[in-house]
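Dear colleague,

I am handing over the structure below, and my notes on what was found in it follow directly after. Please read them with the model open beside you.

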Amino acid sequence: MGSLFRSEEMTLCQLFLQSEAAYACVSELGELGLVQFRDLNPDVNAFQRKFVNEVRRCDEMERKLRYLEKEIKKDGIPMLDTGENPEAPQPREMIDLEATFEKLENELREVNQNAEALKRNFLELTELKQILRKTQVFFDEHEGGVNPTESMTRALISDDSIARQGNLGSVQLGLPEKTYETEEFFPCFVAGVILRERIPAFERMLWRACRGNVFLRQAEIETPLEDPSTVRMKKFFKFDYVYICFRATLYPCPEAPADRREMAMGVMTRIEDLNTVLGQTQDHRHRVLVAAAKNIKNWFVKVRKIKAIYHTLNLFNLDVTQKCLIAECWVPVLDIENIQLALRRGTERSGSSVPPILNRMETCEDPPTYNHTNKFTAAFQALIDSYGIASYREMNPAPYTIITFPFLFAIMFGDAGHGLLMTLFGMWMILKEKPLAAKKIDSEIWNIFFGGRYIIFLMGAFSMYTGLMYNDIFSKSFNIFGSSWKVNVNASVIYEEKELTLNPSTADYSGSPYTFGLDPVWQLSKNKIIFQNAYKMKISIIFGVFHMLFGVILSLFNHMYFKNKINIICEFIPQLIFLCFLFLYMVLLMFIKWLMYYATDNKSEETYSPHCAPSILISFINMVLFKEPNHIEHCDDYMYSGEMGIERFLVIIALICVPWMLLAKPIYVMRNQKKMNYVVSHEQMNAATENGDAEQPVHNNAIHRAEGGHGSHAEEDLSEMFIHQGIHTIEYVLGSVSHTASYLRLWALSLAHAQLSEVLWQMILSKGLKVEGFEGGIALYIIFSIWATLTIAILVLMEGLSAFLHTLRLHWVEFQSKFYSGTGHGFQPFSFETILDSATQTADE
Amino acid sequence: MGTAIPFIVFTVLWGGVGIGLPFVVPKGPNRGIIQVILILTAATCWLFWLCCYLAQLNPLIGPRLNRHAILLMAREWGNEIK
């Protein structure tokens, strides 16, 4: 196990695997998840590889499993997910699996087909039953009249009366059939079922087609009928003559009552039979699916593992003798032991006698970057990786980010109350980690929160610390240690003055500051913002400069590790001097100002009084521009004696650092190259004189040509280096200024946060507290809920998000630009775990 | 002297966290990480406290309070108005 400070040392290995043992070995390596295989046949088409057939079989199995899963989901049978992780089965077991799936699929398909046929049958019979029942009413009316006209009239009348009564709107129509020429003609009846929404169109069509000679009577079938594919409400209708088919199902409808009764009986018995059969079919299907549901997750894992193994085997090269597979892979050096063990296990399992061979190879390629993370550090590593994956063996900022990230966040989010809410949320997620992770909630937002639970927890904890320091608890202060400010006035003064400013030079101020954090008196005061701005701006710059300085110092470790002496001398040292002599000096001035100047009424100490205290920003600007400070009466121009000389010295040295950064390295490289060239040409001269005259021209030419090529290449390199160094220097010098200013966002956001929470208190909650009597309770109940919602939504969530993003920027840009190149590529080991995870994720989507 | 005591207390406290505790971190794969966490926590928290303390050590301005706040301060934080 390596530490997180640098990525793991990697090595390229060659792996010789016995053909029989290859499968088992790769399976073991997949369980281990520490090996990244390289594709050795990149020019071979995916369809021409060795194990294409097996991969295809796996795909087929997966398809069958998906079909099964779909059917199981349709029936709502719970799938047993024991979370167990079965090993990849032996290749010979694949056939068994295939047979099982084949059988299951066929069985299921057959059952489904049968069920569908039965259902259709059932539907037809049900419709017929309904028709018989509905027509009964019509026929009952019909048989009463001898005269068809009379019956028709009656029918019409009844229709009218029904319509008048507003009953159900069912219509009965009789149609004299034209082909019936006999006087004793009886209308011909047809009955059927049609979709409800088609009725109006159907009616119109019938009317037109029969030129009005149609009676249509419709009745609704109240019970919904289950179509094998869809479930729809159907309508019952009955008509005499039809030319067009509106996808209506027609049913025979005997006219004689006895026939009808008989038919109805027959239909009933058939329906009953069908119901039994249908029930049995459903039972069978259910049994099959329940049995499958127990194993389906297991099967999925197995099939996906087999597929992954064959995919990997496809990356391998075949040895000439066809008895051996050759693989190339990246391996962490520290884990070679584990890999050897896994390979041995694999060989034993496959029963092969020849052990696999793992050879380390020399390579000039950039190895992949691999950081061992655990569940705590993974989230921080993810923050870094989303900027850029570290170059191989470069300093990894993640371990420092664990603290600096939540801390800078907390400077902006400083409120102990909001911090407490955040801590509790983070703690809840951490304590309930296992059950929450097992739930596999799909919501993306939840997953972001859950993935960052340790970050959230730490951010909350640090916010509580900074909140106590700012003495902000939901915008109110605690007075734990006793304020160091006191009111020393007579009653008369208070009644005269509306406002009063406490004087720090008198007994109003006890002389020693509040022990922990800001004095609670500031929360009550009118000039709180003035005081807090001065304080918060200073700490933003102080922490910013230290943060950047830390980044520059980390670059030293990078240079030292890569034995890059020239970078230490030509980059690190001038960078450090530049930053320290200008910006660290400014920080020093801040501390001097805090310590030197104090409120006093004593005339002899006037040079240290508040009105002589210089603005640090102005004096810093004056220092850089070599300007004399403006003279104020009774004050010293400088904070300490000799300040001007020291400042001039610091600025000049810092300015010298700029050309130092810009030119030193390219010039050094150029001179080195010249020296090399000189040596080469000298040797050449010597060689020429040693050899005979005859050979000289040829020899000379050859070398000359070679050297010429080399020379132009070097020149290009050199100009590139100048440009690169120029950009780097400008970036650093300008960056120091703009980055320092950029840290002022710490002040700005913390000010905004404090102001927002104060507004929320004054505009909402304090209003609720002012209502008296028992209505006050109700008002407070409502107002508190509004206040609480807004606090969570705006102050904790939105402000939290914005502070998070600003912190991210401060780390990515201001901190990491000092030492981090982030141009590596990640280590993607062949691991069943990640493969299965991604497979289930895509399946869920 | 009153000003020095909190300084000593907090310096010793955070110094203990940042310098003392890293030595007693149990051996294991995460030892380095835990040490870095402790050191950085102590350094940042101490500096933050120090800045806050120093900013108030020699106040250049006093708080401006309205009548209401003054009366309350006098009653709650001692020094009753005569």
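Leaving aside residues up to four places away in sequence, A:Thr369 touches A:Ser7, A:Ile389, A:Ala390, A:Ser391, A:Tyr392, A:Gly824, A:His825, A:Gly826 and A:Phe827, where contact means heavy atoms within 4.5 Å. This is a predicted model, in which local features need pLDDT of at least 70 and side-chain atom pairs count only at pLDDT 80 or more, while totals for chains, interfaces and linings use all residues. Residues are numbered from 1 along each chain as its sequence is written, chains are lettered from A and ligands numbered from 1 in the order in which they are written, and side-chain values use heavy atoms, with hydrogens and water left out.

A:Thr369 sits in the loop between β11 (357-361) and α8 (377-385) of chain A; helices (H or I, at least four residues) and strands (E, at least two) are DSSP runs, numbered from the N terminus. With a relative accessible area of 5%, A:Thr369 is buried, a word used here for under 20% relative accessible area, with exposed for over 50% and partly exposed for what lies in between (1.4 Å probe, protein chains only).

Most residues other than glycine have a negative phi. A:Arg393, in the loop between α8 and α9 of chain A, has a positive phi near 65° and is buried, at a relative accessible area of 14%. A:Ser475, found in the loop between α13 and α14 of chain A, has a positive phi near 70° and is likewise buried, with a relative accessible area of 1%.

Strand β10 (residues 324-332) of chain A is mostly covered, 9 of its 9 residues being buried. In a regular strand the side chains alternate between the two faces of the sheet. Here A:Cys324, A:Ile326, A:Glu328, A:Trp330 and A:Pro332 point one way, whereas A:Leu325, A:Ala327, A:Cys329 and A:Val331 point the other way, and all are buried.

Pairing of two strands requires that DSSP finds at least two bridges between them. Strand β1 (residues 10-18) of chain A runs antiparallel to β10(A) and is joined to it by 9 bridges, with A:Leu15 standing opposite A:Ala327. Strand β2 (residues 36-37) of chain A is also antiparallel to β10(A), over 2 bridges, and there A:Gln36 has A:Trp330 as its bridge partner. Strand β9 (residues 317-318) of chain A is joined to β10(A) by 2 bridges, again antiparallel, and A:Asn317 has A:Ile326 as its bridge partner. The hairpin of β9(A) and β10(A) has 5 residues between the strands, and in it A:Gln322 takes a positive phi near 65°.

**Salt bridges within chain A**

Over all chains the structure holds 28 salt bridges, each being a side-chain nitrogen of Lys or Arg within 4 Å of a carboxyl oxygen of Asp or Glu. A:Glu62 and A:Lys307 meet in one of them, at 3.2 Å from N to O; because A:Glu62 lies in helix α2 (residues 52-75) and A:Lys307 in helix α6 (residues 257-314) of chain A, the pair ties together parts that are 245 residues apart in sequence. A:Glu62 counts as buried, at 9% relative accessibility.

In the salt bridge of A:Glu87 with A:Arg349, the closest N and O atoms are 2.4 Å apart. A:Glu87 lies in the loop between α2 and α3 of chain A and A:Arg349 in helix α7 (residues 336-350) of chain A, so this pair ties together parts that are 262 residues apart in sequence. Both residues are partly exposed, A:Glu87 with a relative accessible area of 43% and A:Arg349 with 27%.

**The contact between chain A and chain B**

The contact takes 70 residues from chain A and 45 residues from chain B. The two chains bury about 5,300 Å² between them, 74% of it on carbon and sulfur atoms, buried area being the accessible area (1.4 Å probe) that two parts lose on being put together, summed over both. The count between chain A and chain B is 1 salt bridge, and A:Glu499 forms a salt bridge with B:Arg64, the closest N and O atoms being 3.3 Å apart. β12(A) pairs with strand β1 (residues 64-66) of chain B in the antiparallel sense over 3 bridges, and A:Leu500 stands opposite B:Leu65.

With best regards
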